[in-house]
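This briefing walks through a protein model, topic by topic, for a reader who is new to looking at structures. Please keep the sequence and the 3D view at hand while reading.

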Amino acid sequence: MKKYIPGIILSLFVLAFSSFIFINRVNDDASFKQDFLDLINETRAKGCKCGNTYMPPAPPMVWNSDLEEAARGHAKDMAKQNYFSHDSKDGRSMNTRIVTAGYIFKGWKSFMIGENIAQGQTTIPEVMAGWFKSEGHCKNLMNPGFKEVGVAEYNKYWVQDFGGREAFSKEQQELIKSGKYRLIQKD
C-alpha cells in the first residue's frame, strides 16, 4: 500500500492543479464578457456623441454566445492570415459568418446585425475607447436596434458582432398560425 501513496498524492495534486486552471479560465472568460458589457452599457445608459451626432441613451445589451463564436472565428482568421477586413479572405461576409455561427433570422419579426473590428489594442478599455472615438463604430455601439453582442480577441485582433432580433407578439403568432397574417421575406 505504501508504494501507491506517492502516485495517489501526485494524482490528487494534478487533479487539483487542473481544476484550478479550469476555474481560472472560466472566471477570466466571465470577466472578459462582463468587462465589455459594463463599458458598453455604461455609455448606452448615458448616451454620447458619435462624431457630430448625439446618440441618446439606449437599452442595455446582453451577451450572445453565437455572436461571440462568429467574432472569435473572424478574429482568429484575420490573425492567422494576416489581414484586416470585414470580409474574410475566402469571400465570406459578416452576414454569412454570423448566420453560420447560429445567429439566425428565421422566426423573428425583425433582424439586424453589425460588426466592429480593431487591431493592435492590448486591453478592453483601450479597444472600447477607440471604438467610441470612431463615429461609425460608436453608432454601432449606441444603436438601440442592437440588443445583443459577442466579442472576441485573438493576437490583438478584436471583433465585436452585434445583433438585434425582435420576436413576434403572441397575437401576431396566433395570426400567423391561423393564416390571417402572411410573412414576406425580402432579399
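Lys33 is partly exposed, with a relative accessible area of 21%, whereas Glu68, at 6% relative accessibility, counts as buried. The model in which these two residues sit is a predicted one.

**Salt bridges**

- Side chains of opposite charge can pair when their charged atoms come close.
- The structure holds 7 salt bridges, and one of them is formed by the side chains of Lys33 and Glu68, with a distance of 3.6 Å from N to O.
- Another salt bridge is formed by Arg97 and Glu115, whose closest N and O atoms are 3.0 Å apart.
- Here too the pair links distant parts of the chain, with Arg97 in helix α3 and Glu115 in strand β4, 18 residues apart, and both Arg97 and Glu115 are buried.
- Glu148 forms a salt bridge with Arg165, and in this case the closest N and O atoms are 3.7 Å apart.
- Because Glu148 lies in strand β5 and Arg165 in strand β6, the pair ties together parts of the chain that are 17 residues apart in sequence.
- Both Glu148 and Arg165 are buried.

- Asp77 is found in helix α2, which covers residues 65-81.
- Why does Asp77 have no salt bridge, although it is buried? The nearest side chain of opposite charge, that of Arg92, is 4.2 Å away, and a salt bridge is counted here only within 4 Å.
- The side chain of Asp77 does make a polar contact with the side chain of Tyr83, at 2.4 Å.
- If residues up to four places away in sequence are left out, Asp77 touches Tyr83, Ser88, Lys89 and Arg92.

**Aromatic rings**

- A pair of aromatic rings is described by the distance of the centres and the angle of the planes.
- The count comes to 5 aromatic pairs, and among them is the pair of Tyr103 and Phe111, which is tilted, with 5.6 Å from centre to centre and 40° between the planes.
- Phe111 also pairs with Phe105: the ring centres are 5.5 Å apart and the planes stand at 65°, so this pair is edge-to-face.
- Tyr103 is buried, with a relative accessible area of 0%, while Phe111 is partly exposed at 27% and Phe105 is partly exposed at 38%.
- Arg165 lies over the face of Tyr103, at 3.8 Å from the ring centre.
- Elsewhere in the model, Phe32, Phe36 and Trp158 form one aromatic cluster.

**Backbone angles**

- Most residues other than glycine have a negative phi, and most peptide bonds are trans.
- Asn82 has a phi near 55°, which is a positive value in a residue other than glycine.
- Asn82 is placed in the loop between α2 and α3 (94-100), and at 63% relative accessibility it counts as exposed.
- Lys156 likewise has a positive phi, near 70°, and is not a glycine either.
- Lys156 lies in the loop between β5 (148-154) and β6 (157-166), and Lys156 is partly exposed, with a relative accessible area of 43%.

- Ser110 lies in strand β4, which runs over residues 110-119, and at 31% relative accessibility Ser110 counts as partly exposed.
- How far apart are Ser110 and Phe168 in sequence and in space? The two residues are 58 residues apart in sequence and 8.6 Å apart in space, taken from C-alpha to C-alpha.
- When residues up to four places away in sequence are not counted, Ser110 touches Gly164, Arg165 and Glu166.

Notes:
Residues numbered from 1 in each chain as written. Predicted model: local features only at pLDDT ≥ 70, side-chain atom pairs only at ≥ 80, totals over all residues. Heavy atoms only, no water. Helix = DSSP H or I, 4+ residues; strand = E, 2+ residues; numbered from the N terminus. Buried < 20%, exposed > 50% of the residue type's maximum accessible area, 1.4 Å probe, protein only. Lys, Arg positive; Asp, Glu negative; His and termini not counted. Polar contact = N/O pair within 3.5 Å; in protein donor to acceptor, adjacent residues only side chain to side chain. Contact = heavy atoms within 4.5 Å. Phe/Tyr/Trp six-rings, centres within 6.5 Å; stacked < 30°, edge-to-face > 60°. Lys NZ or Arg CZ within 6 Å of the ring centre and 35° of its normal.
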